[in-house]
Amino acid sequence: MNILVLGSGGREHALAWKIAQSPLVEKVYIASGNGGSSEVGENLPIDPNDHTAVIAAVKERDIELVVVGPDDLLAGGIVDALHAENILAFGPTKAAAEVEWSKAYAKGIMKEAGIPTAASETFTDFDSAVAYVKEQTLPIVVKASGLALGKGVTIAYTHQEAEDALKECFVDAKFGTSGNEVVIEEFMSGLEFSTHAICAGTKALMFPSSQDHKRIFDNDEGPNTGGMGVVAPLAQVSSEVMDQVRDEIVLPLLSALEKKGRPFSGLLYPGIMLTTDGPKVIEFNARFGDPETQAYMRLLDSDIVPVLLASAKGDLKDVFLSWGTDSVACVSMASGGYPGSYEKGKVITGLTDAEEGSVVVFHAGTKRDRDDILTNGGRVLNVTATGETLSMALDAAYAGVKKISFEGAQYRSDIGQKAL
Ligand SMILES: Nc1ncnc2c1ncn2[C@@H]1O[C@H](COP(=O)(O)OP(=O)(O)O)[C@@H](O)[C@H]1O
Ligand SMILES: [Mg+2]
């Protein structure tokens with residue numbers, strides 16, 4: 001069969017890479033892809049947000065399954081649009097994806113279903129939110145409810161900081177309509193990790209634990225990014241904790257969504273805080289993580305395509321995921337200046353040399369220009385490697401990173417240190 005992956009980041013290159021290995025697959029298309037995805041499939045120069053263009057591409061190329069990468073596509077109802085044309089899609093409907101695109105909705109359904117998460121209140125106006133915050137102990141967490149490119153959350157250590165964050169949402173409209181509703185929640189401390197589950201209805205196939213690194217600089221300093229590196233699995237997260245995540249978080253959410261007439265098919269990605277009271281939800285995402293996927297695809301031994309198809313059809317019976325016993329590390333390389341402004345079009349060298357041993361390089365913001373690969377975005381490459389131990393995986397990934405160069409390249413040198 002032919003499969004279309006929507007998106008153009010490292011996540012989509014990694015998915016296309018894994019899908020292309022399936023004996024069930026003839027051809028992978030990526031819309032719009034990047035300089036790496038065109039090595040495992042064919043990039044289609046269409047805007048994945050343009051439902052009409054996507055549907056036309058699916059019909060023209062005899063595509064049997066569409067796999068949706070980015071969150072904004074799900075929130076824009078791409079899966080509903082494909083279903084209306086009887087096209088199989090991996091990913092939740094707009095209604096089911098509301099657990100990601102509305103943190104207020106997610107908090108509401110978690111409260112109803114008794115899913116462990118930070119205590120919270122939701123507000124739709126500045127004055128009552130400020131009045132509430134003044135009564136709360138510090139630190140306190142202020143979250144724009146809607147999608148905000150990972151920039152909508154403030155951990156406030158003073159009441160003034162909390163008020164400033166509320167002003168950004170309600171008064172300055174810094175996040176557009178995403179800040180018209182705000183969740184104010186209790187600060188949780190503990191070990192932060194995440195996982196993924198491929199779901200359909202009330203069933204879930206769990207991935208191992210993983211840990212992202214959101215800040216641009218070492219020691220978790222500097223502004224937030226899309227993610228600068230991932231390690232998996234985490235030795236600190238026991239199989240008992242992972243069972244709790246499945247039984248107390250993932251499965252109850254799926255049941256609650258089904259009861260509401262919004263059955264969830266696709267990828268559920270909870271962010272978790274491992275507190276002294278056990279794992280609690282920080283947030284739900286309704287799609288594959290980036291760069292978590294780049295790491296996970298390296299650990300997945302079994303064919304992903306039957307599972308994607310089964311989820312898209314709404315029934316996971318007779319399919320499975322089988323995970324290798326290695327550890328994996330993924331180090332992101334970014335353009336100079338990222339996550340602020342940066343230049344594009346820098347020539348990347350050393351890519352072939354870097355892919356030695358267990359190293360696989362997934363492209364993010366790159367494009368092909370004849371024989372050159374040029375930078376074309378903030379996060380440029382994800383260098384992944386596996387190893388018998390996490391430290392072996394990290395050594396291999398960093399050996400790969402050191403062989404690659406482009407003007408202004410930056411990467412964190414401490415990925416995985418906390419996990420070690
Ligand atoms: N209640 C909380 N307590 C402590 N830290 C939190 C809390 N909520 C969020 N955070 C921190 O803020 C980050 C971003 O919050 P999250 O809800 O995941 O929003 P998003 O990923 O949409 O920006 C989390 O990864 C976590 O480090
Ligand atoms: Mg998050």
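A residue is called buried under 20% relative accessible area, exposed over 50%, and partly exposed in between, with a 1.4 Å probe and protein chains only. This is a predicted model, in which local features need pLDDT of at least 70 and side-chain atom pairs count only at pLDDT 80 or more, whereas totals for chains, interfaces and linings use all residues. Residues are numbered from 1 along each chain as its sequence is written, chains are lettered from A and ligands numbered from 1 in the order in which they are written, and side-chain values use heavy atoms, with hydrogens and water left out.

We can begin with the sheets. Helices (H or I, at least four residues) and strands (E, at least two) are DSSP runs numbered from the N terminus, and two strands are said to pair if DSSP finds at least two bridges between them. One open sheet has 5 strands in the order β3-β2-β1-β4-β5, with parallel pairing. Its edges are formed by β3 (42-43) and β5 (88-90), each of which has a single partner strand, so one side of each is left without a neighbour in the sheet. Within this sheet, β1 (residues 2-7) and β4 (residues 63-68) pair in the parallel sense over 5 bridges, and the bridge partner of Val 5 in β4 is Val 67.

Another open sheet, also of 5 strands, runs in the order β13-β16-β19-β23-β20 with antiparallel pairing. Here β13 (211-212) and β20 (360-363) stand at the edges with a single partner strand each, so that one side of each has no neighbour in the sheet. Strand β20 is joined to β23 (residues 379-387) over 4 bridges in the antiparallel sense, with His 363 opposite Leu 381 in β23. A hairpin is made by β21 and β22, with 2 residues between the strands, and in it Arg 370 takes a positive phi near 50°. The pairing of β21 (residues 366-369) with β22 (residues 372-375) is antiparallel, over 4 bridges, and Lys 367 stands opposite Leu 374 in β22.

What lies inside? In soluble globular proteins, nonpolar side chains tend to be buried together. A nonpolar core is defined as a set of buried Ala, Val, Leu, Ile, Met, Phe, Trp, Tyr and Cys residues joined through side-chain atoms within 4.5 Å. The largest such core has 76 residues, and those with the most contacts inside it are Leu 4, Leu 6, Val 99, Phe 193, Phe 264, Leu 381 and Ile 404. Helix α10 (residues 239-259) provides the largest share of this core, 9 residues. Apart from it lies another core of 40 residues, including Val 5, Tyr 269, Tyr 296 and Leu 300. If contact is taken as heavy atoms within 4.5 Å, the partners of Leu 4, leaving aside neighbours within four places in sequence, include Tyr 29, Ile 30, Leu 44, Val 54 and Val 67.

Gly 289, in the loop between β18 (278-285) and α11 (292-299), is buried, with a relative accessible area of 0%. Not counting residues up to four places away in sequence, Gly 289 touches Arg 11, His 196, Tyr 269 and Gln 294. Leu 149, by contrast, sits in the loop between β7 (140-144) and β8 (153-156) and is exposed at 78% relative accessible area.

The charged pairs come last. A salt bridge is a side-chain nitrogen of Lys or Arg within 4 Å of a carboxyl oxygen of Asp or Glu, and a search of the whole structure finds 25 of them. Lys 107 forms one with Glu 185, the closest N and O atoms being 2.8 Å apart. Because Lys 107 lies in helix α7 (residues 103-113) and Glu 185 in strand β9, this pair ties together parts that are 78 residues apart in sequence. Lys 107 is buried at 5% relative accessibility, and Glu 185 is buried at 4%.

Glu 112 forms a salt bridge with Lys 260, with 2.8 Å between the closest N and O atoms. Glu 112 lies in helix α7 and Lys 260 in the loop between α10 and β17 (265-275), so the pair links parts that are 148 residues apart in sequence. Glu 112 is exposed, with a relative accessible area of 60%, whereas Lys 260 counts as partly exposed at 37% relative accessibility. Finally, salt bridges that share partners join Asp 220, Arg 412, Asp 414 and Lys 418 into one network.
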